[in-house]
Amino acid sequence: MGYLTATYGGVDLPVKITKLNRNLTPPISNTTKQIEGKNGAELSYSTYGPKTISLEYKIRNGTAEGISEFRRKMGGILNSEEEKRLIFSDEPNLYYDAVPDGGGILNEEHIVSEGTLTFLVPDGLAHSTTEKTFEASANSDGVLEATVVNNGTESVPVSYEITHNHENGFIGIVSEYGVMQFGHIDELDSETRQKSEVLLKYTDPDDYDAMTTGKGILDGGHTEYGKSGTFAKWESIQGRAWLGLQSPGSGSSWHGAIKQVTIPADSNGASGATNFKASAKIWFETTNAKQTGVLEYVIGDEDGNHLASIHIVKSKANASTCSAVFQVQEKEKGRVSYEPNSSSVTNSKNGKMYIQKSGETFKFYFGEKTYTYRVPEAAEAKATTITIFLGQYGSSTSLVDYMFFGDISFQKDNVDYEYDVPNRYQSGDVISIDGDTTKVYVNGIKSLGDEVKGTKYFHAPPGETKVLFYCSDFCDPAPTITAKIREAYL
């Protein structure tokens with residue numbers, strides 16, 4: 001025993017231990033209950049309390065100064081703020097969480113002094129100085145599983161380190177002793193959302209070359225209009241290029257140049273648009289009252305018929321006004337009359353208009369105002385084409401001076417797409433679960449909201465304990481998981 005030494009808080013105790021009292025077990029208390037009509041009693045349960053460890057020691061003091069130095073040194077060790085671990089040299093792989101109990105006794109003699117130290121071990125256990133780790137791997141059912149082997153004599157808490165290799169919404173930890181859950185089991189990796197997509201946009205007259213010339217749908221279903229006219233690019237007028245008429249062609253009624261384009265499919269490959277916004281930048285301006293002409297912007301449906309249109313028409317040479325007409329399925333829904341002069345709503349700066357459809361609701365934007373109409377029978381109709389038309393009436397030679405298309409665009413609304421939901425745990429995130437303190441940390445930061453109500457932290461008893469781990473279906477590859485215990489002994 002004289003060669004037995006000890007450390008406390010990682011510091012060697014400067015004593016030679018002569019006698020050590022380590023009880024086989026902590027104090028055990030038994031609770032019983034009397035059974036009526038039977039002798040003796042029935043054991044209800046047993047508990048144990050804190051353990052005490054006392055050691056007797058000798059020191060060779062030599063001088064009074066040596067005794068004083070010893071007292072100061074021992075006082076510093078026993079009252080240190082360091083971790084209170086008591087380790088004896090005969091079992092270096094075990095420690096006791098111990099605190100000094102009582103003041104300690106030192107019988108000072110001339111050459112050799114004797115003393116006694118008593119320590120209180122609140123949990124009554126000796127703990128392994130090393131932590132055992134167990135890696136989880138996929139079992140025959142493809143579920144991550146770890147077998148925790150506890151060779152100690154007491155049940156001990158299990159801690160976990162979970163390193164994510166993919167996005168994940170939750171972690172479930174299951175054994176026969178309890179279930180733990182962190183995050184949300186119903187969290188999705190993606191969800192279907194809707195967005196608007198611009199499927200067509202022309203900003204330069206050359207862009208209109210993609211349209212088919214000589215073909216298209218006109219307002220009110222007018223098939224008799226002449227379509228032999230031609231377009232031309234008009235350069236550098238009011239700071240930009242425009243698409244206008246080169247020749248209106250000929251005809252006894254309205255006649256002019258026409259172009260049509262099929263609206264491209266969306267990002268999902270779907271053609272046609274039930275909900276859309278078709279916009280145009282136009283210029284329609286006269287310089288005298290005798291001028292006549294027509295500008296049409298027409299949306300066609302999937303059957304090749306008229307769906308909606310705005311056309312601006314000046315048909316009378318003896319009047320200074322013109323009309324903007326709004327139509328749905330060849331029927332007029334509204335009309336705005338105005339003078340198309342240099343300060344009008346369709347001059348080179350102000351000429352903005354659009355047709356917007358949301359189910360059965362049609363909105364026509366013109367002259368900085370919106371005109372709304374409900375057409376239930378057209379609710380499911382799909383836009384598939386765009387037609388533009390610039391024309392003149394009969395034999396008239398006095399054409400509207402400024403009758404141009406600038407930009408046109410088509411935006412499809414409510415296009416489905418898969419939205420990647422940012423999940424609770426990202427690839428590289430580390431969840432640390434401290435089984436002793438029942439605290440959860442994500443990337444080293446305490447996480448208060450991850451633990452799901454009803455979580456039961458469980459201990460691993462002596463022997464083998466199988467622990468299963470679950471995560472979101474979309475978490476592939478699965479996390480790397482390590483279970484950890486520190487064995488304990490009575």
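## Pockets

A pocket is an open set of grid points where a 1.4 Å probe fits, with protein on both sides within 12 Å along at least five of seven lines. In this predicted model, the second largest pocket holds about 270 Å³ of space. Its lining comprises 17 residues, and those closest to the centre are Met-74, Leu-78, Gly-103, Gly-104 and Leu-117. At least two lining residues come from each of α1 (64–78), β10 (105–107) and β11 (112–121). Helix α1 gives the largest share of this lining, five residues. By type, the lining of the second largest pocket consists of nine nonpolar, six polar and two charged residues.

The largest pocket contains about 440 Å³ of space. Among its 19 lining residues, Tyr-95, His-127, Pro-157, Asp-436 and Arg-486 are the closest to the centre. Two or more residues of this lining are supplied by each of β8 (94–97), β16 (156–157) and β40 (480–485). The lining of the largest pocket divides into eight charged, seven nonpolar and four polar residues.

## Salt bridges

Side chains of opposite charge can pair when their charged atoms come close. The structure holds 16 salt bridges. One of them joins Lys-233 to Asp-206, with the closest N and O atoms 3.1 Å apart. Lys-233 lies in strand β22 (residues 230–237), whereas Asp-206 lies in the loop between β20 (190–202) and β21 (212–213), so this pair ties together parts that are 27 residues apart in sequence. Lys-233 is partly exposed at 35% relative accessibility, and Asp-206 is likewise partly exposed, at 44%.

Lys-233 also forms a salt bridge with Glu-235, where the closest N and O atoms are 3.6 Å apart. Through shared partners, salt bridges join Asp-204, Asp-206, Lys-233 and Glu-235 into one network. A further salt bridge links Lys-33 and Glu-42, the closest N and O atoms being 3.9 Å apart. Lys-33 counts as partly exposed because its relative accessibility of 43% falls between the limits of 20% and 50%. Glu-42 is also partly exposed, at 40% relative accessibility.

## Backbone geometry

Most residues other than glycine have a negative phi, and most peptide bonds are trans. Gln-329 has a positive phi, near 50°, and is not a glycine. Glu-330, also not a glycine, has a positive phi of about 70°. Gln-329 is placed in the loop between β28 (322–328) and β29 (331–338), and Glu-330 is found in the loop between β28 and β29 as well. Gln-329 is partly exposed at 26% relative accessibility, and Glu-330 is partly exposed with a relative accessible area of 41%.

The peptide bond from Asp-476 to Pro-477 is cis, with omega near 10°. Pro-477 is located in the loop between β39 (463–471) and β40.

## A surface patch and a buried strand residue

Ile-28, Tyr-48 and Leu-490 make a nonpolar surface patch of about 270 Å². Within this group, Ile-28 belongs to strand β4 (residues 28–33). Ile-28 counts as exposed because its relative accessible area is 53%, over the 50% limit.

Ile-408, in strand β34 (residues 402–420), is by contrast buried, with a relative accessible area of 1%. The C-alpha atoms of Ile-408 and Thr-203 are separated by 6.9 Å, although the two residues are 205 residues apart along the chain.

Definitions and conventions. Residues are numbered from 1 along each chain as its sequence is written. This is a predicted model: local features need pLDDT of at least 70, side-chain atom pairs count only at pLDDT 80 or more; totals for chains, interfaces and linings use all residues. Side-chain values use heavy atoms; hydrogens and water are left out. Patches are made of residues with over 30% relative accessible area and no salt bridge: like charges are joined within 9 Å, nonpolar side chains (Val, Leu, Ile, Met, Phe, Trp, Tyr) within 5 Å. Accessible areas come from the Shrake-Rupley method with a 1.4 Å probe; for residues, only the protein chains shown count as cover. A salt bridge is a side-chain nitrogen of Lys or Arg within 4 Å of a carboxyl oxygen of Asp or Glu. Helices (H or I, at least four residues) and strands (E, at least two) are DSSP runs, numbered from the N terminus. Buried means under 20% relative accessible area, exposed over 50%, partly exposed in between (1.4 Å probe, protein chains only). On a 1 Å grid over the protein atoms alone, a cavity is a set of points where a 1.4 Å probe fits but cannot get out, and a pocket is an open set with protein on both sides within 12 Å along at least five of seven lines; lining residues have an atom within 4 Å of a point. Grid points are joined across faces, edges and corners, and a volume is the space filled by probe spheres set on the points. Ala, Val, Leu, Ile, Met, Phe, Trp, Tyr, Cys and Pro count as nonpolar, Asp, Glu, Lys and Arg as charged, and the others, Gly among them, as polar.
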